[in-house]
Amino acid sequence: MIVDDFEKAEISKVVERKKGNYVKAAGKYACFYQEIENDDVAGNGPKALEYLRSKAKVVSPFYQEDFISSVSGHDGSVIIKYSAKLDL
């Protein structure tokens, strides 16, 4: 998920599963990782963005990336990386 407008927090671009064709712009980013149930990933973006914005001054777009596909011993959960470019 890539959110281009923080105020709307809507999914704006979904990259096909087999293609890794989006490259982030160079710069410094604030990010955090979260273990989350696979079924909750799609709806967690707005909450994750709110948390990130409470910790750092960031500018759009906001990124949600799969970090790993599964967590050993935690069936059904994944690690997600959330990030946005710092407003320096």
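This is a predicted model: local features need pLDDT of at least 70, side-chain atom pairs count only at pLDDT 80 or more; totals for chains, interfaces and linings use all residues.
**Salt bridges**

Side chains of opposite charge can pair when their charged atoms come close. Searching the whole structure gives two salt bridges, listed below.

| Salt bridge | Closest N and O atoms |
|---|---|
| Lys 24 with Glu 65 | 3.0 Å |
| Lys 57 with Asp 87 | 3.6 Å |

In the pair formed by Lys 24 and Glu 65, distant parts of the chain are linked, the two residues being 41 residues apart. Lys 24 sits in the loop between β1 (2-3) and β2 (29-37), while Glu 65 belongs to strand β3 (residues 58-68). Lys 24 has a relative accessibility of 25% and therefore counts as partly exposed. Glu 65, at 30% relative accessibility, counts as partly exposed.

The other pair joins Lys 57 and Asp 87. Lys 57 is exposed, because its relative accessible area of 59% is over the 50% cut-off. Asp 87 has a relative accessible area of 37% and is partly exposed.

**Nonpolar core**

In soluble globular proteins, nonpolar side chains tend to be buried together. The largest nonpolar core of this model has 14 residues. The members that touch the most other members are Ile 36, Leu 52, Phe 62, Ile 80 and Tyr 82. Two or more residues come from each of β2, α1, β3 and β4. Strand β4 gives the largest share, with four residues.

Strand β4 is also described by its burial: seven of its ten residues are buried, so the strand is largely enclosed by the rest of the structure.

Leaving aside residues up to four places away in sequence, Ile 36 touches Val 41, Asn 44, Gly 76, Ser 77, Val 78, Ile 80 and Tyr 82. Among these contacts of Ile 36, Ile 80 and Tyr 82 are themselves named with Ile 36 as core members that touch the most others.

**Pairing of β2 and β4**

Strands β2 and β4 run antiparallel and are joined by nine bridges. Glu 37 stands opposite Ser 77 of β4, and Ser 77 is also one of the residues that Ile 36 touches.

How values were computed. Residues are numbered from 1 along each chain as its sequence is written. Side-chain values use heavy atoms; hydrogens and water are left out. A salt bridge is a side-chain nitrogen of Lys or Arg within 4 Å of a carboxyl oxygen of Asp or Glu. Buried means under 20% relative accessible area, exposed over 50%, partly exposed in between (1.4 Å probe, protein chains only). A nonpolar core is a set of buried Ala, Val, Leu, Ile, Met, Phe, Trp, Tyr and Cys residues joined through side-chain atoms within 4.5 Å. Contact means heavy atoms within 4.5 Å. Two strands pair if DSSP finds at least two bridges between them.
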